[in-house]
Amino acid sequence: MISELSIRNFKRFPRATFQLGDFTLLTGLNGAGKSTVIQVLSLIRQSLESDAIKHGTIDLNGKYVQIGSGRDALCEDFSPLNDDEELPYIQFSLTSNLGITAELLMDYEATADHLGVVVDGPLNEMHIATASYQHVRADRVGPEVVSAHSFEQTVRQRSLGPRGEYAVDMLGAASDDRVPTLRCHEEARSARLLDQTNAWMGEACPGIALGVHSIPNTDAVRLDVGFGGTAGLSSSNRFRPTNVGFGVAYALPIVVACLTAPAGSLLAVENPEAHLHPRGQSKLAELCARTAKDGVQVIVESHSDHFLNGLRLAKKGNRELQAQIYYFDPSLDEGYISLEIDDRGMLPHWPDGFFDESSILLSKIIRP
């Protein structure tokens with residue numbers, strides 16, 4: 001597991017250090033640096049997968065993230081490496097729960113999309129290099145009549161794709177796989193992936209029943225959706241995803257990612273709340289927390305108070321869960337603060353601006 005991530009001169013942060021738990025929640029104001037944490041991990045991972053690091057560079061634009069050029073990556077308020085030099089640089093440092101540290105020092109070049117890097121430490125032995133990695137981005141694919149199919153992605157690599165483009169294909173390919181007990185929904189028909197997916201999706205879409213069908217002689221699969229009866233199994237009408245709404249399409253990759261992530265892997269999720277009913281948002285937090293408790297390191301960026309409260313409730317029910325929260329606000333001294341949930345699911349410190357808008361508006365509404 002990655003226990004600590006340090007950043008120098010990258011995007012918003014001249015200097016920042018984050019302690020990562022089993023479950024780490026990143027929240028706060030727009031443009032305040034929340035996504036930076038996930039982007040650093042994905043930059044390293046995509047550079048490892050493409051062999052860029054092996055050849056002495058960091059790949060700024062790849063499978064998981066597209067930063068742009070060196071100019072886009074460098075913090076405007078950068079600090080030099082030492083007092084004798086004014087040349088900018090970017091540095092990442094990772095520490096594992098075993099105390100192993102690896103540092104990546106990058107040379108700055110304004111227009112380059114690959115930055116030269118020197119690695120100090122056993123990066124190839126770190127969790128980011130050896131474990132299964134999944135990054136479900138905010139710009140997920142919406143409802144589609146047909147979805148992408150790839151044996152290489154879903155069967156060999158067990159990947160949903162960064163935009164969730166292979167989530168339907170994964171659901172079909174692994175529909176009979178057994179979901180680990182800790183992540184199983186208690187009201188599902190069985191521990192099969194398809195039944196578990198229907199049960200968790202049913203928290204926001206009651207009675208939903210998903211079906212996946214291959215399209216012969218194409219690189220595509222088709223998803224259909226039914227409702228009614230027992231988990232939708234007696235429904236006579238099957239609908240296209242485009243006639244059901246965005247909530248199903250946006251939540252499906254996250255649910256499938258949580259249910260299929262192997263223990264010891266790393267899962268990063270952006271904006272799980274998108275297009276979801278509040279109950280669905282809180283239940284997704286519960287599923288993410290169960291996944292984290294089951295040995296998957298989970299990092300989530302979210303603006304949802306329902307997701308936060310779902311995490312708080314999960315922590316109350318699982319006191320051994322290491323849950324870490326970071327709130328990002330440029331007005332803070334370091335641009336962010338760390339918050340911890342206690343065993344009762346409470347936050348001892350509730351800073352200004354941290355999910356307090358409902359209370360502020362309600363006080364204005366009831367004011368004479």
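This is a predicted model: local features need pLDDT of at least 70, side-chain atom pairs count only at pLDDT 80 or more; totals for chains, interfaces and linings use all residues.

Colleague: Is Ser159 buried or exposed?
Modeller: The cut-off for a buried residue is under 20% relative accessible area. Ser159 has 7% relative accessibility, so Ser159 counts as buried.

Colleague: How many Å apart in space are Ser159 and Val37, C-alpha to C-alpha?
Modeller: In sequence, Ser159 and Val37 are 122 residues apart. In space, C-alpha to C-alpha, the separation of Ser159 and Val37 is 21 Å.

Colleague: Which residues is Ser175 in contact with, leaving aside its neighbours within four places in sequence?
Modeller: Ser175 has its place in the loop between α5 (167-173) and α6, and with a relative accessible area of 16% Ser175 is buried. Leaving aside the neighbours within four places in sequence, the residues in contact with Ser175 are Met170, Arg192, Leu193 and Leu194.

Colleague: What covers the buried residues of α6?
Modeller: Helix α6 is mostly covered, with 9 of its 9 residues buried, and among these buried residues are Asp195, Asn198 and Trp200. What covers the buried residues of α6 includes α5, β10 (209-214), α7 and α8.

Colleague: How many nonpolar, polar and charged residues does the contact of α6 with α7 have?
Modeller: On the α6 side, Leu193, Gln196, Thr197, Trp200 and Met201 take part, and they meet Val248, Ala251, Leu252, Val255, Val256, Leu259 and Thr260 in α7. By class, the contact of α6 with α7 has 9 nonpolar, 3 polar and no charged residues.

Colleague: What is the relation of α7 to α8 in terms of the angle between them?
Modeller: The axes of α7 and α8 come within 9 Å and cross at roughly 20 degrees. Since angles under 35 degrees count as roughly parallel, the crossing makes α7, relative to α8, roughly parallel.

Colleague: Is the crossing in which α7 passes α8 left-handed or right-handed?
Modeller: The contact is made by Ile254, Val255, Cys258 and Leu259 of α7 together with Leu284, Leu287, Cys288 and Thr291 of α8, and these residues divide into 7 nonpolar, 1 polar and no charged. The crossing in which α7 passes α8 is left-handed.

Colleague: Is the crossing in which α8 passes α9 left-handed or right-handed?
Modeller: The axes of helix α8 (residues 278-293) and α9 come within 7 Å and cross at roughly 40 degrees, and α8 and α9 are therefore oblique to each other. The residues of their contact divide into 8 nonpolar, 4 polar and no charged. As for handedness, the crossing in which α8 passes α9 is right-handed.

Colleague: Which residues is Gly310 in contact with, leaving aside its neighbours within four places in sequence?
Modeller: Gly310 has its place in helix α9 (residues 305-317), and at 9% relative accessibility Gly310 counts as buried. Gly310 is 21 residues from Ala289 in sequence and 8.8 Å from Ala289 in space, C-alpha to C-alpha. Leaving aside the neighbours within four places in sequence, the residues in contact with Gly310 are Ser282 and Ala285.

Colleague: How many disulfides does the structure hold?
Modeller: A disulfide needs a pair of cysteine sulfur atoms within 2.5 Å. The sulfur of Cys205 is 16 Å from the closest cysteine sulfur, in Cys258, which is too far for a bond. For the structure as a whole, the number of disulfides is 0.

Colleague: Is Cys205 buried or exposed?
Modeller: Its relative accessible area is 18%, and the cut-off for buried is under 20%. Cys205 is therefore buried.

Key
Residues are numbered from 1 along each chain as its sequence is written. Side-chain values use heavy atoms; hydrogens and water are left out. Contact means heavy atoms within 4.5 Å. Helices (H or I, at least four residues) and strands (E, at least two) are DSSP runs, numbered from the N terminus. Ala, Val, Leu, Ile, Met, Phe, Trp, Tyr, Cys and Pro count as nonpolar, Asp, Glu, Lys and Arg as charged, and the others, Gly among them, as polar. Buried means under 20% relative accessible area, exposed over 50%, partly exposed in between (1.4 Å probe, protein chains only). Axes are lines fitted to C-alpha atoms, for helices over the stretch in contact, and angles run from 0 to 180 degrees between N-to-C directions. Angles under 35 degrees count as roughly parallel, over 145 as roughly antiparallel, 65 to 115 as roughly perpendicular and the rest as oblique. A crossing is left-handed if the near helix is turned anticlockwise from the far one by less than a right angle, and right-handed if clockwise.
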